[in-house]
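Keep the sequence and the 3D view open as you read.

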Amino acid sequence: MNGNRTDAGATDEGVYDVLVVGAGPVGLTTAIQLGAPGRRVGLVERRPQPYPLPRAVVFDHEVARILASLGLADALPAFSEPATDYEWRNGTGETLLRLAFEDTGHSGWPAMNIFTQPQLEDALEAQVRRTTGVDVLRGWEAVDLAEDASGVSLTVAESAGDEPVFLDGARRHRTLRARYVVGCDGANSFVRSRMTTAMTDRGFQHDWLVLDVIPHDRNREFAPRNLQVCDPFRPTTAVSGGPGRRRWEFMLLPGDSAAEFGSAENAWRLLAHWDLHPGNATLERHTVYTFRARWAENWREGRLLLAGDAAHQMPPFAGQGMCSGIRDAANLTWKLDLVLSGRADATLLDTYTTERSQHLRHAIELSVFLGGIICEPDPAAAAVRDAQMLADRRAGRDPLADMPPQALTGGLLRQGADGAPQAPAGQLGCQGRVRFRGRTGLFDQVVGTGFALLGTEDPRTVLDDETLGWCERLGIRLLRLTDDPAADGAADVIDLDGTYRAHLARSGQEALLLRPDHYVFGGTSRAEQVPGLVAALRRGLGTSSTAAVPAR
């Protein structure tokens, strides 16, 4: 069987474990992560060909780690580059804020990365077509669905993308079947339209002209490389758009016509300030976007789930729009895999909304907070803002310091007696360079991904045979961290730079149990507490019995 067809001639007459609607970065990631452990996936996309123009331009260290885990570790440098700086200036050119990003972030990749989305999607699509069991169904639009006790019937119709396809006045339809459907189909999501979930709107709304430009001189330097101009007379963004590209964004002000302001002629007029014109640059895209901040209250109803823009939209100022969607996929897919294989109860899927909405609201609040600073059109209010930010900068105060930390505060985490996560549960696990069984590199690429129980002592020595068997069925890697370069045990992971042992020391832990999305389920301060940690995970999954079904 060829599991990567490009039409609706699907596996087993269109029967799947999961149907993913939408083949943008989030849908592609979802399909790869479900296909890798053996799930049968149909990826439905109304566009016959990938969308060719840029949209998102930023991903962070956590998303870089997720993308690398999909098999793109070697491909990332081809379409992305580290964002080394980000400077905010006021309308008179004074520096209000300057951020420098680490070359190696918490997840082992550069803290912030600038990329070109079509090239990322090309790499993801190539990977999804290499993933056995995934059918890529391009040119088919989801038009109807019906859910019952055992699954979802999804009706798809031939599509040219923005227009339906008719043959002799009729449109060809197919009905596909799956146990679950994941809507990764954007802000106007069809899947969400078939759910009853309410949408919460943060009330932030501004129109911006977005320009993607390719300078003919690929070596031309722009300093600072990433700039935010907080000018009340025309808030402006000028940043990298990935290797060899630039992105400009200009806020529309009261009285501006979107049609006139969004024209190519006006784009070149605005770009002239940066000495760019048709003779030395190509205007790849010019369009007016409405930046909004809103989210669905419930991302799961029965067998329907949402991810990415289908579940939330936010202003771009924190660079977390696509990142949030990729995190959605990373959180959801391992849970779906466990439920589909019988290794977890379906109630595990309820933790998806709980966990991701916490993160999502943090990202939206940060984006709205930054947008409130950037989008201020009143000169008097902007002058007050400038004075405060300049005073903060002189005093060394960080205006972002009061934003809440990015950690999970509920869901599938080890809880204390008060029902709250017991630290370090909910924190994002780090990644460093290791040596394991003769191979050297970042942990994910050398050891692999999935559940991992890492300890300063071998966790196997304190677990009984029945628990060891359950860990094996769930796929938990039981590993000992060591700084001894001569260690050669089958479970020994040599912590080459001390990343993991320093992390354990800071948190006062001897062992950490990590989830497949790299978040800490829980930790223990003594080795003899490890069995209780594993038992807490079993209870959380609803699989405390010994009859777990092996993974395929």
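Arg 437 is exposed, with a relative accessible area of 62%. The model is predicted.

Q: In which loop is Arg 437 found?
A: Strand S20 covers residues 433-436. Strand S21 covers residues 439-442. Arg 437 is found in the loop between S20 and S21.

Q: What phi does Arg 437 take?
A: Most residues other than glycine have a negative phi. Arg 437 is not a glycine, yet its phi is positive. The hairpin of S20 and S21 has 2 residues between the strands. There, Arg 437 takes a phi near 50°.

Q: Which residues of S20 point to the buried face?
A: The side chains alternate along S20.

Q: Which residue in S24 is the bridge partner of Arg 435?
A: S20 pairs with S21 in the antiparallel sense over 4 bridges, and Arg 435 stands opposite Thr 440 there. S20 also pairs with S24 (residues 492-495), antiparallel over 2 bridges. In S24, the partner of Arg 435 is Ile 494.

Q: What is the omega of the peptide bond from Ala 423 to Pro 424?
A: Pro 424 sits in the loop between helix H10 (379-395) and S20. Most peptide bonds are trans. The bond from Ala 423 to Pro 424 is cis, with omega near 10°.

Definitions and conventions:
Residues numbered from 1 in each chain as written. Predicted model: local features only at pLDDT ≥ 70, side-chain atom pairs only at ≥ 80, totals over all residues. Heavy atoms only, no water. Buried < 20%, exposed > 50% of the residue type's maximum accessible area, 1.4 Å probe, protein only. Pairing = 2+ DSSP bridges.
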